[in-house]
Amino acid sequence: MTSQGWPVPIQAPAARRATARPVRALRTLVARYPLLLVGAVLVGVLVVLAVAAPLLVRNSPYQIGLGPSMSPPSANLWFGTDKLGRDLFSRIVYGSRTTLLVSIPSVLLAMVFGLGLGLSAGYFGGRTDQVIMRLMDILLAFPSLLLALAIVAVLGPSIRNLLLTIGILYIPSMARVVRGPVLAAKEREYITAARTIGAGTWRILLRHVLPNILSPIIVDATLATSRAILVESALSYLGLGAPPPNPSWGEMLSSSRQFMTLAPWSALFPGLAIVYAATAFILLGNGLRDWLDPRRR
Amino acid sequence: MLRYILSRLVFMAPVVLGITLLSFVVIKMLPGDLAIAVMGTESANTNPAGLEAIRAELGLNRPLHEQYLGWLAGALRGDLGKSLSLKISILEAIKSALPTTLELALLSVLFGLVVGAPIGILAATRGGVWDGITRLAVSLGVGMPSFFIATLLLLFIAPQTPWIPTFNYVPLAQDAKRNLLVMIFPVVSIGTGLAMTIAENTRSAVLDVLNEAYVTVARAKGLSSPLVVWRHVLKNAAIPIISVLGLQTGFLLSGTIIIETIFSLPGLGKLVITGITFRDYPLVQGILLFTGVGVVVVNLLTDLLYAFADPRIRYH
């Protein structure tokens, strides 16, 4: 079996048109799916913040005593200081690193395992399907925050344990998202055709089934990222997030509790950062859904 | 219907067994000695006899499978062991915490329905600007963690409303009025996200039903729009909305953990945080088991309700 498999690769357009086309295509895309643009820009800003954090802040997020404890926003300390006199703006910008470092790898982990399990369950069906989906039901039975709390409390809070725990939590929903379309796809003519010309199981799964179920997976992964951000911040709010001195939004919000009425900014900025990050991924996910998967709108 | 119930129960058995196994294993993943973790390294070093006593109490000297089977047999009899920090039976602790959590969860669902369903109906029937606003509000509401809503309420609303007590919980049976007042902020904190999820699902459920032939017939025979929505659309859209609510049980319980901690409500969430703070691992284990099985039972009940309301499901 060589590369004459189906579908036939699309011919590359002529070079002259290739420069104008992406721009026009992008413009049409943005005009038809404004949500996609909004989400992409918001997520883009978040990623830039995380990557370029050292270039964006004036003070180190770890430096203690930059100003008096809980001082209000000023020209030098834009968001004021925290309990230890650290620059809150720097800590929030660096906090985006903690958030993304936990949420994105955990969703990737969930995606890899969810894909494997969902593909096997949907394609092989029968007993394999039963066993895999019942295992997923077991994980789904626990409230996600409760299970995450218990696991992190037992293993000890660290970035690695956080991303492993949150990743495991989202395997079941990913496996479910994959399984459904696989069940539908495997009955289609092109799969029968591929099987008839002698394609092996793995080839069929990877070349023919996977490309046809990518859209819902991408959409779900984006939405799962926002849920991962919320679980991470909830864990860190409860004191089981990335260990200090790692800046983490949930921890900043909870440690501001005792000073809230005197220094409301110390609660508002970290909270808004969480809302921003989670909403950005939700908007991007919804925009992607409108674009890639119009039937599910 | 009976056959359907039986088949659902058969499906449930291995899942419940898996839940017991997972609740057991999670605690056993603790690196190092559980007894030392419970006691603290220092006191374990100075008090080897006490350490041995804790080992014996937790049954740590027995092989792992015996520990599991012993724990499982106890759980079947309703004996989850004794809490190390509270010095009472774990089942007793759960029983006294459960009413608060149930009240909080039910009131939040009620709030979510009352706020979310009308928004979803408006978005589906009016469309246009309403739809856009709703989608934005839904994204924001889902992306807003309950603990931040609680923070905002305490910062901006609580100072204006001195008649709403924010702390000092009293049980419903003792002082119903005060109890309900204390519940306002916690319920709004959890219910807002839920309302937005309900709005989103109501919107799509109503949109689905609006395309049905019987709605066209109702319109064709001259019924007014509100009457069509009320009499023909809502009744049929209610079923998927109910099933979504069932699936939200886990989300709801996750919310109660953090909100009970913020507002000092003596519920299950507060209990689990106590267990974690005091390294009371048997307590955490018991709560894991209890909630896991609880969620499965609620999901089963939702499925049965769904099948009862829509006979097509039963013959699937």
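1. Let's start with the nonpolar patch on chain A: H2(A) gives the largest share of this patch, three residues. (Helices here are DSSP runs of H or I with at least four residues, and strands are runs of E with at least two, numbered from the N terminus.) Both helix H1 (15-32) and helix H2 (34-51) of chain A supply at least two residues each.

2. A word on the source: this is a predicted model, where local features need pLDDT of at least 70 and side-chain atom pairs count only at pLDDT 80 or more, while totals for chains, interfaces and linings use all residues. Residues are numbered from 1 along each chain as its sequence is written, chains are lettered from A and ligands numbered from 1 in the order in which they are written, and side-chain values use heavy atoms, leaving out hydrogens and water.

3. Which residues make the nonpolar surface patch? They are Leu26(A), Val30(A), Leu37(A), Val41(A) and Val45(A), and the patch covers about 390 Å². (Patch residues have over 30% relative accessible area and no salt bridge; like charges are joined within 9 Å, and nonpolar side chains, meaning Val, Leu, Ile, Met, Phe, Trp and Tyr, within 5 Å. Accessible areas come from the Shrake-Rupley method with a 1.4 Å probe, and for residues only the protein chains shown count as cover.)

4. Take a look at Val41(A), which lies in helix H2 of chain A. Val41(A) counts as partly exposed because its relative accessibility is 46%. (Buried means under 20% relative accessible area, exposed over 50%, and partly exposed in between, with a 1.4 Å probe and protein chains only.)

5. Asn212(A) sits in helix H9 (residues 201-237) of chain A. Asn212(A) has 45% relative accessibility, so this residue counts as partly exposed.

6. Now for the two chains together: the contact (heavy atoms within 4.5 Å) takes 45 residues from chain B and 42 residues from chain A. About 3,700 Å² is buried between chain B and chain A, and carbon and sulfur atoms give 80% of that area. (Buried area is the accessible area, with a 1.4 Å probe, that two parts lose on being put together, summed over both.)

7. How many salt bridges are counted between chain B and chain A? The count is one. The side chains of Arg135(B) and Asp290(A) meet in a salt bridge at 3.4 Å, N to O. (The rule asks for a side-chain nitrogen of Lys or Arg within 4 Å of a carboxyl oxygen of Asp or Glu.)
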